[in-house]
Structure formats: C-alpha cells, structure tokens
Amino acid sequence: MARGGFPGIPGGNMQQLMRQAQKMQQQMMKAQEDLDAREYEGTSGGGAVSCKVSGKRQLLSLTIDKDAVDPEEVDMLQDMIIAAVNDALSKGEEARESEMTKLGGAAGMGGLF
C-alpha cells in the first residue's frame, strides 16, 4: 500500500473520505428531522373521513363528516377510517423514500431511517 493512501480510494485521502461521510450523515440527519416535522393528510369516502399523521407516523387528527355516521353502516365507517389513515401514512412513506433516495439511496437501508 502506498504511504498515506488506500487502494481503491481516489487520491487515497482517507481524511477527505471521512469528511464526506460525516457531511452525508449530517445531511441525512437533517432530512430525517425535516421529514419527522412534516404532516400528511389522507382522505377516504370522498372526503367523508380525513386525518393527519406526522412524519413520525403518529395520528394527529381524525375528522368524520356527520353524514358519514350511520349506526347501520359502522363497518363501512371503520373501513373509511382505516383507508384514510393508510392514505396519509402512505404519503408520508413516499416522501420519506423520495428524500432518502436523493441522499444516495439511503431509503433502501431498512429501518435505519
């Protein structure tokens, strides 16, 4: 091995590589904080049920139109609630994957982010 260098690393500058890794880690942490602070809205039943979830995947609010409340159709209302929550969570996941992919494919790193 050449003095002060590492095979396969352009220029052999380990300090530069470490700085780049630290910068990427800081960018990923910032992106994670930004994503956690976002809110996503989901709807179902033509807007009869809507909800908001946080980037931390927590249900923040749930709104049910009074016309959607029919004692004979509780099952349908429950399905609409589930659909609205899943819609909002899906939007959050799509945003998370998009942002992490921009930072170098980090979205594929499982539960790390």
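These legends walk through a predicted model, from the whole chain to a few close-ups.

View 1. The protein chain holds 2 helices and 3 strands (DSSP runs numbered from the N terminus, with helices being H or I of at least four residues and strands E of at least two). Of its 113 residues, 25% count as buried, that is, under 20% relative accessible area, with exposed meaning over 50% and partly exposed in between (1.4 Å probe, protein chains only).

**View 2. Strands E2 and E3 run antiparallel.** Here 5 bridges join E2 (residues 49-54) to E3; two strands pair if DSSP finds at least two bridges between them. Look for Ser50, whose bridge partner in E3 is Thr63. The hairpin has 4 residues between the strands, and Arg57 takes a positive phi near 65°.

**View 3. Leu59, Leu62, Ile64 and Val69 form a nonpolar patch on the surface.** Together they have about 330 Å² of accessible area (Shrake-Rupley method, 1.4 Å probe; for residues, only the protein chains shown count as cover). Patch residues have over 30% relative accessible area and no salt bridge; like charges are joined within 9 Å, nonpolar side chains (Val, Leu, Ile, Met, Phe, Trp, Tyr) within 5 Å. A salt bridge is a side-chain nitrogen of Lys or Arg within 4 Å of a carboxyl oxygen of Asp or Glu.

**View 4. Val69 lies in the loop between strand E3 (59-64) and helix H2 (74-102).** Val69 is exposed, with a relative accessible area of 52%.

**Notes.** Residues are numbered from 1 along each chain as its sequence is written, and side-chain values use heavy atoms, leaving out hydrogens and water. In this predicted model, local features need pLDDT of at least 70 and side-chain atom pairs count only at pLDDT 80 or more, while totals for chains, interfaces and linings use all residues.
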